[in-house]
Amino acid sequence: MQLYKSNDRNKWMPFCLGAVTLVISAATGCAPMKEVQPAATPALPQHFAAPADSTSIADRTYKELLSDPNLQQLLDSALRRNWDVLAALQRVEQANANYLQTRGALRPRVQGVAAAGVDKFGDYTMNGVGNYDLNKSPNISADQKVPAPFMPDFFVGVRSSWEIDIWGRLRNLKEAALLRVLQSQRGVQWLRTQLVAEVSGRYYELLALDSQREILRKNIQLQQEALQVVEAQKEGGRATELAVQQFKAQLLRTQALDAGVKQQVVAIENEINLLCGRTPQSILRGNSLMVQQVPASLKAGLPSAMLLRRPDIQQAELELRALEADLLAARKAFLPALTLTPYIGFNAFTAARLLDPTSLAAGALAGLSAPIFNRAAIKGDYNRVAAARTEALLQYQKTATTAFTEVVTSISEISNLEQQFTIKQQETQVLESAVGTAKDLYLSGYATYLEVITAQRNVVEAELELATTKRNQFLAVVNLYRALGGGWN
């Protein structure tokens with residue numbers, strides 16, 4: 001049989017590969033590639049509130065914004081030991097491992113091989129007849145004769161398989177994996193942002209409960225004194241048993257409220273400890289909530305800066321970009337794939353000659369393959385990725401819009417709570433004065449015991465509401481800080 005010379009084979013190889021590529025491409029019906037356009041950012045207003053200001057409290061660290069040293073220690077502990085943050089860091093490691101895997105797919109897969117086998121060919125096969133005739137040839141030596149009827153086969157060497165990324169499919173998968181590494185990192189950042197807000201919010205709730213307990217204990221003492229006065233008046237015939245019972249019932253009601261708040265303190269402390277990744281223990285607190293000052297100069301900055309800073313928006317955007325890369329890779333799966341499979345090593349049918357230099361063997365095979373009858377599976381995968389990309393686009397737009405809404409709501413809440421706190425202070429002062437007036441009138445016989453009880457009850461409720469309003473002011477600041485994406489850096 002006439003064999004092509006080496007230079008003839010090299011001359012015809014590109015033509016053959018090109019012709020095969022055209023035939024396979026025509027058979028598979030590949031459509032021209034279309035670039036997937038990135039999603040547009042949702043249309044947001046140019047500023048949160050007039051006048052526009054580029055400065056933002058999110059540019060400040062949580063230690064700059066939240067000055068309470070006990071709260072800062074809790075936040076440091078939570079950021080180091082929180083279970084969800086630690087788990088999110090492991091998801092980053094998983095994404096890194098996946099990226100290394102996709103990056104490795106671009107390189108040749110090289111394996112060291114040591115193999116041994118045995119074949120028994122049929123008498124009426126090309127190998128069987130060929131081996132029989134070969135052993136009768138006078139051109140071979142005794143040690144070149146093929147063993148019969150069982151022919152061993154030994155190989156020691158290197159085999160490789162390398163898919164040539166001619167269309168960029170593997171590079172698209174690598175890009176998607178890298179984007180998911182960045183996405184997982186943004187996930188950690190968003191968890192830290194949420195954690196700062198959560199721990200801070202629980203801490204201010206704890207301070208508010210402490211203030212409420214102080215209010216209740218103070219009123220318990222005042223109500224005990226009022227009860228003693230009424231009991232003394234009853235002994236003197238100036239008050240009835242009904243008045244004594246009413247004052248006593250009010251005292252018991254306030255004591256019950258104090259017991260309920262005490263339990264809330266325990267629950268909030270345990271929630272903070274859980275966020276900090278530790279067992280239940282007492283939480284150190286700083287100054288009373290009522291003497292702490294709400295941070296000043298609470299500016300939100302610009303919406304464009306929020307889009308770049310807030311981790312969950314970046315996370316949604318990176319997932320969208322990753323799915324766009326996946327979609328390109330899914331489209332390119334319809335195209336032919338070129339694979340090279342070279343090998344080199346020692347090959348012999350006798351172990352004694354395996355490592356002989358004359359047993360050195362080498363070869364290479366280049367092959368094009370493309371789907372013809374299994375296109376439905378590839379099309380299904382493409383449709384799945386396309387739907388996932390559309391879902392990611394909607395999620396990105398929702399996340400950005402939600403973030404803007406949260407910022408606007410928090411800005412309005414801070415302003416309204418400031419006004420509400422001022423009014424509540426005035427109300428509390430008036431009601432405290434009313435309690436003293438009611439007592440004086442009662443002792444003078446110009447007011448009934450019910451008016452005294454009502455005045456005391458109103459002042460307790462007003463003081464408790466004042467502490468709650470103060471707490472809500474701090475929570476609004478924390479929510480604005482979180483909504484702007486502060487706290488993770």
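**Entry 1: terms**

Before looking at helix pairs I noted that an axis is a line fitted to C-alpha atoms, for helices over the stretch in contact, and that angles run from 0 to 180 degrees between N-to-C directions. Two packed helices are described by the angle between their axes and the distance between the axes.

**Entry 2: confidence**

The model is predicted, so I looked up its confidence before anything else. The average pLDDT of the chain is 86, and 90% of the residues score at least 70. In residues 1-36 the pLDDT is below 50, and this stretch has 31 contacts in the model beyond near neighbours in sequence. Where pLDDT is low, the predicted coordinates should not be read in detail. I left that stretch alone.

**Entry 3: helix α6 by itself**

I checked the length of α6, which has 67 residues. At 1.5 Å a residue the helix should span 99 Å, and its end C-alpha atoms lie 96 Å apart, so the two values agree. After α6 comes G237, which has a positive phi near 80°.

**Entry 4: α6 with α9**

How do the axes of α6 and helix α9 cross? I found that they come within 8 Å and cross at roughly 165°. Angles over 145 degrees count as roughly antiparallel, and α6 and α9 are therefore roughly antiparallel to each other. Their crossing is left-handed. I sorted the contact residues of this pair into 12 nonpolar, 7 polar and 9 charged.

**Entry 5: α6 with α7**

Next I took helix α7, residues 241-275, which packs with α6 at about 160°, the axes being 8 Å apart. That angle makes α6 roughly antiparallel to α7. I noted a left-handed crossing for this pair. The contact of α6 with α7 has 20 nonpolar, 7 polar and 14 charged residues.

**Entry 6: α6 with α3**

Helix α3, residues 69-81, packs with α6, residues 169-235, at an angle of about 140°, and their axes are 10 Å apart. That makes α3 oblique to α6. I recorded the crossing of α3 and α6 as right-handed. On the α3 side, N70, L71, L74, L75, A78 and L79 make the contact. On the α6 side I listed R192, L195, V196, V199, S200, Y203 and Y204. An α-helix has 3.6 residues a turn, so residues three or four places apart point the same way. I kept this in mind while reading the two lists. By class, the contact of α3 with α6 holds 10 nonpolar, 2 polar and 1 charged residues.

**Entry 7: a cis peptide bond**

Where does P149 lie? I placed P149 in the loop between α5 (126-135) and β2 (150-164). The peptide bond joining A148 and P149 is cis, with omega about 0°.

Key. Residues numbered from 1 in each chain as written. Predicted model: local features only at pLDDT ≥ 70, side-chain atom pairs only at ≥ 80, totals over all residues. Heavy atoms only, no water. Helix = DSSP H or I, 4+ residues; strand = E, 2+ residues; numbered from the N terminus. Parallel < 35°, antiparallel > 145°, perpendicular 65-115°, else oblique. Left-handed = near helix turned anticlockwise from the far one by under 90°. Contact = heavy atoms within 4.5 Å. Nonpolar A, V, L, I, M, F, W, Y, C, P; charged D, E, K, R; others polar. pLDDT = per-residue confidence, 0-100. Expected span 1.5 Å × (residues − 1).
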